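Subject: Structure handover

Hello,

Here is the structure I promised to pass on. Please open it beside this email, and then read what I found in it.

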Amino acid sequence: MMLGYLLARRGVAVTVLEKHADFFRDFRGDTVHPSTLEVMYELGLLEDFLKLPHQELTSAGARIGGYYFEAANFQHLPTHCKFIALMPQWDFLNFLSERARRFPGFDLRMHYEAVGLIHEAGRIAGVEARTPDGVVEIRADLVVGCDGRHAMTRAAAGLEVQEFGVPIDVLWFRISRTSGDPEQVIGNVNYGKALILINRGDYFQAGLIIRKGSFESIKQDGLDALRESVRRIAPYLGDRVKELQDWDQIKLLTVQINRLRKWHRPGLLSIGDAAHAMSPAGGVGINLAIQDAVAAANLLAGPLREGRVTDALLGRVQERREFPTRVTQQIQVMTHRGFDRVFQTSGPFEVPWQVKVLSHVPGVQRLMGHVVGVGVRPEHVARPERHARRQSWSLKNAAVSAGALLGAVVTTGRALLSRG
């Protein structure tokens with residue numbers, strides 16, 4: 001969605017495909033980091049964006065055993081917003097799509113699921129999309145796959161995926177929140193488990209970190225055992241754990257860390273989770289995807305308008321974004337290794353002495369705030385060329401997908417859409 005907005009803003013005709021009828025999905029990436037808020041500022045959208053209901057996190061802390069410490073502080077970042085905004089992703093997508101529709105070249109098609117690629121003369125020339133009226137073909141000068149970690153686009157193009165082992169999965173659920181509960185995002189580690197509680201106003205978005213592949217055995221132990229585990233880790237939740245009455249309230253996130261060896265083929269580019277699936281550690285996945293979109297728009301908008309996008313140019317997008325992806329994924333892999341020690345402890349957890357020492361080292365919280373809130377090599381929005389407004393809106397299109405759960409997205413080819 002962000003890439004579609006950025007390209008349409010610069011005179012490129014864009015078709016965005018969303019496989020669902022709306023954006024209402026729960027338990028998606030709902031953390032809007034300072035780097036993304038800075039992009040919104042550069043686009044002149046920040047003031048209106050922050051009028052949407054949200055919570056603001058100026059720091060993030062954790063309680064390990066009985067020891068609490070501040071892990072990251074965002075109040076000293078070199079950004080306009082020195083906080084993480086917690087906002088349902090459907091609000092973000094609705095806001096951005098409404099603004100994007102103001103550009104004549106932006107076309108959002110709901111209930112369009114990309115199910116196959118069109119191969120023609122050694123390149124990707126568009127997609128086949130399943131719609132309520134049947135399968136249609138949409139031709140494009142460029143197809144951008146933003147269809148998530150199980151991307152059809154990368155599988156159909158034969159792009160090689162490199163997998164990096166992850167020892168955890170996450171169970172997501174809701175628990176109501178009271179005024180006396182922690183305000184900031186807090187991790188709770190104890191009794192062989194870890195619980196993340198994200199303040200969403202009147203409820204917590206809770207994530208119970210479990211050993212990979214253990215969900216079925218947890219279900220066999222029953223809901224009573226799960227509720228008691230949650231209450232032991234975070235005693236202040238008390239009887240609110242009884243709100244978990246059915247397994248349907250609990251969503252399993254199978255955690256993956258992977259990335260494509262090559263993010264592109266002639267006529268096709270992968271970005272976001274389709275190019276590099278991230279762990280939920282740090283909540284940075286959606287923000288890295290947006291950084292990919294900004295970099296892609298900066299590099300491709302002009303060439304798309306002029307019909308000169310080459311495979312080498314698509315490779316420059318990967319070159320720009322692969323380094324921050326590798327660094328972030330390596331940090332996540334190292335973070336996951338700490339869970340092996342957590343899982344091996346069934347009783348009260350003793351905080352490692354290294355954590356206590358680091359929590360008192362000046363500047364550590366600011367450094368972690370920068371790593372989480374801004375990341376490696378943040379992107380900035382390029383200013384549109386002066387002549388862009390004079391461009392005909394019938395110029396070449398670019399195909400884009402609208403997010404990790406949106407069904408791959410396509411773009412354009414000379415403003416011609418061929419229905420199959």
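The largest nonpolar core of this predicted model has 50 residues. A nonpolar core here is a set of buried Ala, Val, Leu, Ile, Met, Phe, Trp, Tyr and Cys residues joined through side-chain atoms within 4.5 Å. Buried means under 20% relative accessible area, exposed means over 50%, and partly exposed lies in between (1.4 Å probe, protein chains only). M2, M40, F92 and L300 touch the most other members of this core. The elements that give two or more residues to this core are α1 (2-9), β1 (13-18), α2 (34-42), α3 (46-49), α4 (89-100), β7 (106-110), α8 (285-306) and α9. The largest share, 9 residues, comes from α8. Helices (H or I, at least four residues) and strands (E, at least two) are DSSP runs, numbered from the N terminus.

Leaving aside neighbours within four places in sequence, M40 is in contact (heavy atoms within 4.5 Å) with M2, L45, L46, F49, F92, F95 and L96. There is also a second, separate core of 30 residues, and L57, F69, L86 and V351 are among its members. In soluble globular proteins, nonpolar side chains tend to be buried together.

A word on the basis. Residues are numbered from 1 along each chain as its sequence is written, and side-chain values use heavy atoms, with hydrogens and water left out. This is a predicted model, where local features need pLDDT of at least 70 and side-chain atom pairs count only at pLDDT 80 or more, while totals for chains, interfaces and linings use all residues.

Now confidence. pLDDT is the predictor's confidence in each residue, from 0 to 100. Its mean over the protein is 87, and 90% of the residues reach 70 or more. Residues 386-420 stay under 50. For that stretch the model has 160 contacts beyond four places in sequence.

Next, helix α7, residues 223-233. Which of its residues are buried? They are L223, L226, R227, S229, V230 and I233. These residues cover an arc of only 160° around the axis, so they sit on the same side of α7. The arc is taken from the directions from the helix axis to the C-beta atoms. What covers them includes β13 (168-176), β14 (185-190), β15 (193-199), β16 (203-211) and α6 (215-221).

On to salt bridges. A salt bridge is a side-chain nitrogen of Lys or Arg within 4 Å of a carboxyl oxygen of Asp or Glu. That rule gives 22 of them.

- D48 pairs with K51, with the closest N and O atoms 3.4 Å apart. D48 is partly exposed at 34% relative accessible area, and K51 is exposed at 60%.
- E98 pairs with R102, with the closest N and O atoms 3.1 Å apart. E98 is partly exposed at 33%, whereas R102 is exposed at 57%.
- K262 pairs with D311 at 3.9 Å, N to O. K262 lies in the loop between β18 (257-260) and β19 (264-265) and D311 in helix α9 (residues 311-343), so this pair ties together parts that are 49 residues apart in sequence. K262 is partly exposed at 36%, and D311 is partly exposed at 23%.

Salt bridges that share partners also join D48, K51, E98, R99 and R102 into one network.

There is an open sheet of 3 strands, in the order β12-β18-β21, with antiparallel pairing. Two strands pair if DSSP finds at least two bridges between them. The edge strands are β12 (161-164) and β21 (276-277), and each pairs on one side only. β12 and β18 share 4 bridges. V161 stands opposite L260 in β18.

Some single residues to look up:

- V127 is in strand β9 (residues 123-131) and is buried at 1% relative accessible area. Its C-alpha atom is 6.3 Å from that of A114, which is 13 residues away along the chain.
- H111 has a positive phi of about 65° although it is not a glycine. H111 lies in the loop between β7 and β8 (113-120) and is partly exposed at 39%.
- R377, also not a glycine, has a positive phi near 50°. R377 lies in the loop between α11 (364-373) and β22 (397-401) and is partly exposed at 32%.

Best wishes
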